[in-house]
Protein chains: 2
Amino acid sequence: MNMPRRLVQPTNQTSIEDAPFSTTGLSSLFRHQPLERFAAGTIVFWEGDKATKVFEVVCGMVRAIRLLSDGRRIIVGFLRPGDLVGVSFKDQYVYTVEAVTKVELRRFSRHLFELEIARQPAMRELLFSKLCDEMTAAQDQAVLLSRRSADEKLASFLLRMATRRIGQHMVVDLPMTRQDIADYLGMTIETVSRTTTKFAGSGILAMTDRHIITILSMDELRSIAEGEECNHWIAPCLAKMRQQTSDARQLIG
Amino acid sequence: MNMPRRLVQPTNQTSIEDAPFSTTGLSSLFRHQPLERFAAGTIVFWEGDKATKVFEVVCGMVRAIRLLSDGRRIIVGFLRPGDLVGVSFKDQYVYTVEAVTKVELRRFSRHLFELEIARQPAMRELLFSKLCDEMTAAQDQAVLLSRRSADEKLASFLLRMATRRIGQHMVVDLPMTRQDIADYLGMTIETVSRTTTKFAGSGILAMTDRHIITILSMDELRSIAEGEECNHWIAPCLAKMRQQTSDARQLIG
DNA sequence: CGATAATTTGATCCAGTTCAAGCGACGTGG
DNA sequence: CCACGTCGCTTGAACTGGATCAAATTATCG
């Protein structure tokens, strides 16, 4: 499971903090499970490994990676505290998971996890709902990848990664490398770099550290990322189309 | 719900045939539900409509569409017999669904559907499994969109649409328009056209009708689409990487 | 049979890739 | 404490796949 949607307390790259258990009901399943720590850059599991475990990210960040036959690398998601890793109905994991930062995970035997899910209707609901959310997120990602310019991609990525607010501004932790971002957004490292530089140049954001940027003009960034789910625009647009086609519509059933 | 994965009996654009109930357990839920027919090009529901119903495609094909604020259109999936349409945990549908061909759908009140799912563990399993499959499919699609060339995109699209076999060859029904394909694969109608023409020119496929193509060289098409899940390549590749990093791996927990 | 929409084909153009070269931070060993 | 290599990132310059613009051609349907 991946494609984080929830906005949770960001993880500090160096210190270890507790995950916000209260927000994710599913976390309660993991509360007493063994804790595993992985150093930055290490592997949690490999694509193709027998899928015997499910994890919950407690703190830190992991990336889920898929490889194409020609060596091209795709990051299917960055997972943060509260996200589940490895939930699937396949025998094998369909992606490799690596620690981006030092990370703490709670491990759950997949078998037990499935039993618990079957036993607890409330948990089931939560998991189901989470799957649906991720489904939508994956589609959003597909839209992003297929139809958006470099500027739009980066802008919406930054907005999704934005978590902490200081005063007027948003601080964005980017513990992953530029290559990771590129592989996530379907662009090259050079374009990622050029685009961030451009944004910084036009005063939209400031780069303190390469891994910590501050959004100075949230509005501008939003208007660049524009259209993501721009409902105030879409609603009237749909209404118009609906009008146009309502007569053509034949509901035979 | 979308991104069809299962390979099912293809739908003929003009005749009405029964869906293969035996293959999808979930279909049994819909067996006695009211049947609705929609003419080609008509709307089943709109993005933003209150999500009160769930459908199962019985025969024909529908497309799930999302609109971006600037009018760009994305097709998130083509749905065929056995596929469920509109399953979600949102109040509103997140995409518009249109009939590509004349289509028959079984309608289910969402409320009842959810009750049934809650009541029948077997159905729940099936639905869950289906969601997971679609999750993976959506990710595959994201990979396709972000990292593949026009040739690769079209080749793998054709392979996924291929269903019926006649002799050595595969017949592919493409009831949707070129624009639909373009919007699904994240390319322009011109590129879709040029690429199909090129494939036809190099003897990989033959175009009978614009909407019915025959794959003449499955192998060539596969090697163009290559890499999709090319495990015979990936497995050794992963093994090598694993070797390289196994010593660096620190499992602290 | 003519009108209209869908598709193909042709000719440019450009965003983003590719190739190539600096740059700064960090760690290591002398 | 500093030279030196490495790594991740930025910057520059040329190149290209696919987009865009513009017809021509071919269904499709009254």
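The model is predicted, so to speak of local features a pLDDT of at least 70 is needed, side-chain atom pairs count only at pLDDT 80 or more, and totals for chains, interfaces and linings use all residues. Residues are numbered from 1 along each chain as its sequence is written, chains are lettered from A and ligands numbered from 1 in the order in which they are written, and side-chain values use heavy atoms, with hydrogens and water left out.

Strands here are DSSP runs of E with at least two residues, helices are runs of H or I with at least four, and both are numbered from the N terminus; two strands pair if DSSP finds at least two bridges between them.

Turning to the helices of chain B, we find that the axes of H2 (residues 110-119) and H3 (residues 121-147) come within 5 Å and cross at roughly 110 degrees. Axes are lines fitted to C-alpha atoms, for helices over the stretch in contact, and angles run from 0 to 180 degrees between N-to-C directions. H2(B) and H3(B) are therefore roughly perpendicular, the word for angles of 65 to 115 degrees. Their contact (heavy atoms within 4.5 Å) involves residues including B:Phe113 and B:Ile117 of H2(B) and B:Met123 and B:Leu127 of H3(B).

Over in chain A, five of the seven residues of strand S8 (residues 103-109) are buried, so this strand is largely enclosed by the rest of the structure; buried means under 20% relative accessible area (1.4 Å probe, protein chains only). S8(A) runs antiparallel to S1 (residues 35-38) of chain A, with four bridges, and A:Glu36 stands opposite A:Leu105. Six bridges join S8(A) to S3 (residues 53-59) of chain A, again antiparallel, with A:Val54 opposite A:Phe108.

Finally, look at A:Phe78 and A:Tyr184, an aromatic pair that is edge-to-face, with 5.0 Å centre to centre and 65 degrees between the planes. Rings of Phe, Tyr and Trp (its six-membered ring) pair if their centres lie within 6.5 Å, and planes over 60 degrees apart count as edge-to-face. A:Phe78 lies in S5 and A:Tyr184 in H5 of chain A, so the pair ties together parts 106 residues apart in sequence.

Note on methods. Angles under 35 degrees count as roughly parallel, over 145 as roughly antiparallel, 65 to 115 as roughly perpendicular and the rest as oblique. Buried means under 20% relative accessible area, exposed over 50%, partly exposed in between (1.4 Å probe, protein chains only). Rings of Phe, Tyr and Trp (its six-membered ring) pair if their centres lie within 6.5 Å; planes under 30 degrees apart count as stacked, over 60 as edge-to-face and the rest as tilted.
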